[in-house]
Amino acid sequence: MFVVGGESLIDLVPVSAAARAERIALPGGSPFNCAIALSKLGNRTGFLCPISADQYGELLLKPLAEAGVSVLLSERVAAPTTKAIVTFNEKMQASYVFERGADRAFTRESLLAALPENIELYQIGGFCPILAEDAAIWSDVVDAAAARGATLSIDINVRDKLVDDEAGYRARLDQFLDKANLVKLSEEDHEWLMPGMSIEAHAEALLARPNCELVVVTLGEQGSRAFSKAGSATAPIHAPPVFGDTVGAGDSLMAGILTWLGEAGALRRGGLAALDAAQLEKMLRFGAVVAGINCGRKGCQPPSRAEVDAVLGA
């Protein structure tokens, strides 16, 4: 099973570009989106996050059920659903302001008890390092997943508006990065974390960490790059016939990459490090198609495996 641990939330999205536009509520959260995308691509997937008993909790459960994702924490919590107030720039790229709630309503015991015994891949959510008390618990969950044989991935997904203690956040993020076998970050993450450093140098520094074997960097309209200990590659975006927005694009790309790696037999110790330039390019191309189809829709609506195969086979 692939397990994604981390936040789910409700995106409150403007219905137009007007400053005081009415907003609609859409289910979201990077780990939530990634879990749905993984399942729609044909992977047996579990999602590890508390779900509120409020009306927004129902809105979150519906797409998880439709995609076939196993909700690993079945008992609903009293805390209100976490919310993200979304705005778009002129390129329809999203930014967020957060009100946290149910995504933090867990205990160490509840998370560890819900963790499956057999895990091929465990993905670390981007909110996990933000608060010290949460990070300590999520760190134990990650260690438990690794002890059960899971390859560990992390989508850094810096949310600077949630970071009150930058030094503490960076230290906690470092601890998760030291555990991860695969690290994904956006160009914006890179610039926030390592201003003035080249992407190549940053990737080299990540690959020098104790367990990291593969680094993926997304570059918006410029595509994506991948770096392993055996090679590097670049791939363009897949542009949909009609553009919707970029909500969930990075999460969809990550799900595509993890799917490709699983099918290539690379989710094993040393498997990621051995990927050469040609394999990395194929991996990025698969992920780009998954993300591109999603960008042809409004909000995060990852494609099915059949849709991806139809594009790749065209």
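Biologist: Which residue lies over the face of W192?

Modeller: In this predicted model, R170 sits over that face, 4.6 Å from the ring centre. W192 itself is partly exposed, at 22% relative accessible area.

Biologist: And how do I read a pair of rings?

Modeller: An aromatic pair is described by how far apart the centres are and by the angle of the planes. There are four aromatic pairs in the structure. Take F106 and W138: the centres are 5.2 Å apart and the planes stand at 65°, so this pair is edge-to-face. F106 belongs to the loop between strand 7 and helix 3, W138 to helix 4, so the pair ties together parts 32 residues apart in sequence. Are they buried or exposed? Both F106 and W138 are buried.

Biologist: Which aromatic pair involves W192?

Modeller: Y169 and W192 pair edge-to-face, with 5.8 Å centre to centre and 70° between the planes. Y169 is in helix 5 and W192 in helix 6, so parts 23 residues apart in sequence are tied together. Y169 is buried, at 1% relative accessible area.

Biologist: Now the sheet. How should I read that?

Modeller: Strands of a sheet pair through backbone hydrogen bonds, parallel or antiparallel. Here, nine strands form an open sheet in the order 5-4-1-8-9-10-11-12-13, with mixed pairing. Strands 5 and 13 are the edges, each pairing on one side only. Strands 9 and 10 run parallel, joined by three bridges; D155 has K184 in strand 10 as its bridge partner.

Terms used:
Residues are numbered from 1 along each chain as its sequence is written. This is a predicted model: local features need pLDDT of at least 70, side-chain atom pairs count only at pLDDT 80 or more; totals for chains, interfaces and linings use all residues. Side-chain values use heavy atoms; hydrogens and water are left out. Two strands pair if DSSP finds at least two bridges between them. Helices (H or I, at least four residues) and strands (E, at least two) are DSSP runs, numbered from the N terminus. Rings of Phe, Tyr and Trp (its six-membered ring) pair if their centres lie within 6.5 Å; planes under 30 degrees apart count as stacked, over 60 as edge-to-face and the rest as tilted. Buried means under 20% relative accessible area, exposed over 50%, partly exposed in between (1.4 Å probe, protein chains only). A charge sits over a ring if NZ of Lys or CZ of Arg is within 6 Å of the ring centre and within 35 degrees of the ring normal.
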